[in-house]
Structures are given as C-alpha cells and as structure tokens.
Amino acid sequence: MASVELHNVTKIFDNQVYAVNGAELTIQDEEFVVLVGPSGCGKSTLLRMIAGLEEVTLGEIRIDGTVVNDIPPKNRNIAMVFQNYALYPHMTVFENLSFGLRLRKYPKKDIRERVLEAAKILDITEYLERKPKALSGGQRQRVALGRALVRKPQVFLFDEPLSNLDAKLRVHMRVEINHLHQRLRSTMIYVTHDQIEAMTMSDKIVVLDKGVIQQVDSPLELYNNPTNKFVAGFIGSPAMNFIPGEIKANGEMKFQSRNFSITLPSKVQKELKDSATQKDVIFGIRPEHIVITPQADESQLSEGQEIIVDVVEPVGNEIFLYFTEGDIRYCLRTDPTHNYRPGDKLDVKFNLDKMYIFDAASDHRYV
Ligand SMILES: Nc1ncnc2c1ncn2[C@@H]1O[C@H](COP(=O)(O)OP(=O)(O)OP(=O)(O)O)[C@@H](O)[C@H]1O
Ligand SMILES: [Mg+2]
C-alpha cells in the first residue's frame, strides 16, 4: 500500500488551458480520498496524471515516496476504474478478469488464484463462466472493479465509476466500494461530481474549482467550515442560500438586503469589525437554518421575516419550501409535520449561530 503526494502539480493543455493549477495534496496510506468539483474543473486530469496517462507539465508526483513523473503507467502499481468500464462482450467473466494478467504474462496458476480471490471478495464467483450480457448492471460493475482488484495495486483510482448506474444501484455500489475499502485497506482516490457520494464515502474530500484546490477536509468540516463561497455552495443539498446585501454599521451592525434586515450577533460584529462594512457581501444560510416561527427557543434567531411559499417539495422525511425574494429563490428545510401549500404566508427567522458572511467580490469568507 502507498501514500500519494502532489507538489505544485500543474497541467497546461495547448500552452494555455490550466486544467490543474498548483495542486498540493498528501494522501496517506490506506486513505479514501474523494475529488469533487463541477464539470471541467480538472478532476479527471488530476487522476490521469497520478495514473501516468497524462504528462505533468509542472510539479512532482510521489507514490510511496518515489517521484513517478517519468515512470510509465504500467510500472506505477496503480489500477484505474473508469465510468465507461466496457467489458469484453465475447469473453466470460473469468476471461475478462484475467485478461490484464494474461497480457502481463502472469503464470496461469497465479492468475487463477487472483481471479478466484477477487471474485470471492466481490461475490461474483457464481457468474465466472457467464458472458457480460447475462449480467445485471451492478454485476457488470463489480466485474469492472474486479479487473482492478486482480492487479492488487498499491493505489486504486476511480473516475466516476457509478455515474452510468441508476439511483438505487448507485447507493448499493457506494456501500460495496466502502466495504471493499475497509477489507483491502488500500489507498483509494475517487472522482465524482455527486456530493452525496463524496460525503458518504470519504475520509477526506478535495474540492476543486477551475483547476485549483479550494479546500481539503473531512466531510463534516467542509459542511460546517467552508473556506469560501464556492465550497459553501458546492457542499450541501439543497445548496446553501446566498443573500446579496451590505453590512451597515450605525451603532449596531446589520446585514441589509433588499428584503431582509438582520441585526448581527455581537460575536459576528466583533469578528467583522471594519473589514466588511460598506462592502457588498453575501449572507449565507443553509436551508435547515431558516426556521419557521414561533419556536420554543428563539434566543439564537434573527428578527422575523415574512415570506410567501412558492414551491413545496415533500421528500418524505423532510419538506423543502422555496420562496422568492427579488429574483432569487431560497430554500428552507422543515419537518413533514405540516401540510404546506404554495401561497402560504410564513414567519421565518434565521439561526444566527449558523450564518456565514462572504465577500461578494472575492468569495472569501469573513465569518
Ligand atoms: N486533451 C485535452 N486538451 C485540451 N484541453 C483539455 C484536454 N483534456 C481536458 N482538457 C480541459 O481541461 C479541463 C479539465 O478537464 P477534466 O476532464 O479534467 O475535467 P473534469 O473535472 O474531469 O470534468 P467532468 O466532471 O466533466 O468529467 C477542461 O477545461 C477540459 O476542457
Ligand atoms: Mg472527468
């Protein structure tokens, strides 16, 4: 097993596109790390550089302490599972699993042992003589994982391996890959743009935007302590609400938007001091922290604001209510104890223990 270290890793395509820019990252031995970010942010490029499928323009990649920039992919002891895992249709599952090892001229006995071991781990032993077309989507995906597994690599790289599966199967495979990691204890780097996958699978999440690593942290730390507005908006579903406005300081400090006026708690006032006054800011609040009043304990809550519900989304264990102010739609999350309808007028308050303030120009987080 192995650690993976990136130092100032940069990929420039065609002398101009910075697909990955100055990546600094240490992945410990046995860690499960997820790379997330919007389409085009550089996730696959980063993974492909670690695998050796893409040349590094600048910087250094170390696997288990050794610089691998000039080591070809086949000598890196890494296995990669792609989104399009195309199995060979004319080969049985056994032949699909053993194909890579046969190419590498492993002894027959060794190949057989490895295939049987991988099949056992993935619970596909009974399908070894079947062709892929006689398997379900999930079983095929397990065969694809098996092809990586038989190599017994130091590091597994996954590039959106579940994105072709339906919702239910995704959840199932997510649990299986987690389980696989617990059994094998190998280092795994997993790319997804599904943040539920990222939150539930990883020890550590790397959030990328426009080729730049924004934050590296545990899932809960990212959720509670995002470093900037991008991370705050990317992690969490439905996303954090962002209300544009200004900080006004006439005696007491207030956040003022077109529709909301919120007196800031003294702790926030101290932290902000002069840095944010008279500047355009964004007030951030997650859907679960806009609460419908009256409540038993309102000590942490802001002044009341009246809203009119325009969309109701009951999802079973909770309800999302949407309301519009100006041209921005906001979301609040509440218990399914009440039957809300579009047009309902509600009094809501913001939980100021859970508020964020960002600089509108730079996305930098003040509070
Ligand atoms: N071979 C290439 N030549 C030029 N530009 C490229 C090449 N490969 C990728 N890019 C660019 O690099 C950037 C990062 O691409 P990459 O495939 O790493 O994104 P991604 O995060 O994996 O996106 P997705 O979620 O859509 O898979 C994009 O702007 C892409 O257009
Ligand atoms: Mg990609």
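Let's start at helix α1, residues 43–51. This helix gives the largest share of the shell around ligand 1, three residues. Keep in mind that this is a predicted model.

Now the rest of that shell. How many residues surround ligand 1? The count is 13. The closest are S39, G40, K43, S44 and T45. By class, the shell has four nonpolar residues, six polar and three charged.

Next, the polar contacts. Take S39 first. An N or O atom in the S39 side chain sits 2.5 Å from an oxygen atom of ligand 1. Then K43. One of the polar atoms in the K43 side chain is 2.7 Å from a ligand 1 oxygen. And T45. Here a polar side-chain atom is 2.5 Å from an oxygen atom of ligand 1. How much of ligand 1 does the protein bury? On its own, ligand 1 exposes 640 Å², and the protein buries 60% of that.

Let's move to the strands. Strand β20 covers residues 356–359. Which strand runs antiparallel to β20? That is β14, residues 280–285. Four bridges join β14 and β20. One pairing to look at on the screen: F283 has I357 of β20 as its bridge partner.

Now the faces of β20. In a regular strand, side chains alternate between the two faces of the sheet. Here, Y356 and F358 lie on one side of β20, with I357 and D359 on the other. Are these four buried or exposed? They are all buried, so both faces of β20 are covered, given that buried means under 20% relative accessible area. Note that D359 is in that buried set. So is I357, the partner of F283.

Note on methods
Residues numbered from 1 in each chain as written. Chains lettered and ligands numbered in written order. Predicted model: local features only at pLDDT ≥ 70, side-chain atom pairs only at ≥ 80, totals over all residues. Heavy atoms only, no water. Near = heavy atom within 4 Å. Polar contact = N/O pair within 3.5 Å; in protein donor to acceptor, adjacent residues only side chain to side chain. Areas by Shrake-Rupley, 256 points an atom, 1.4 Å probe, with all protein chains shown as cover. Helix = DSSP H or I, 4+ residues; strand = E, 2+ residues; numbered from the N terminus. Nonpolar A, V, L, I, M, F, W, Y, C, P; charged D, E, K, R; others polar. Buried < 20%, exposed > 50% of the residue type's maximum accessible area, 1.4 Å probe, protein only. Pairing = 2+ DSSP bridges.
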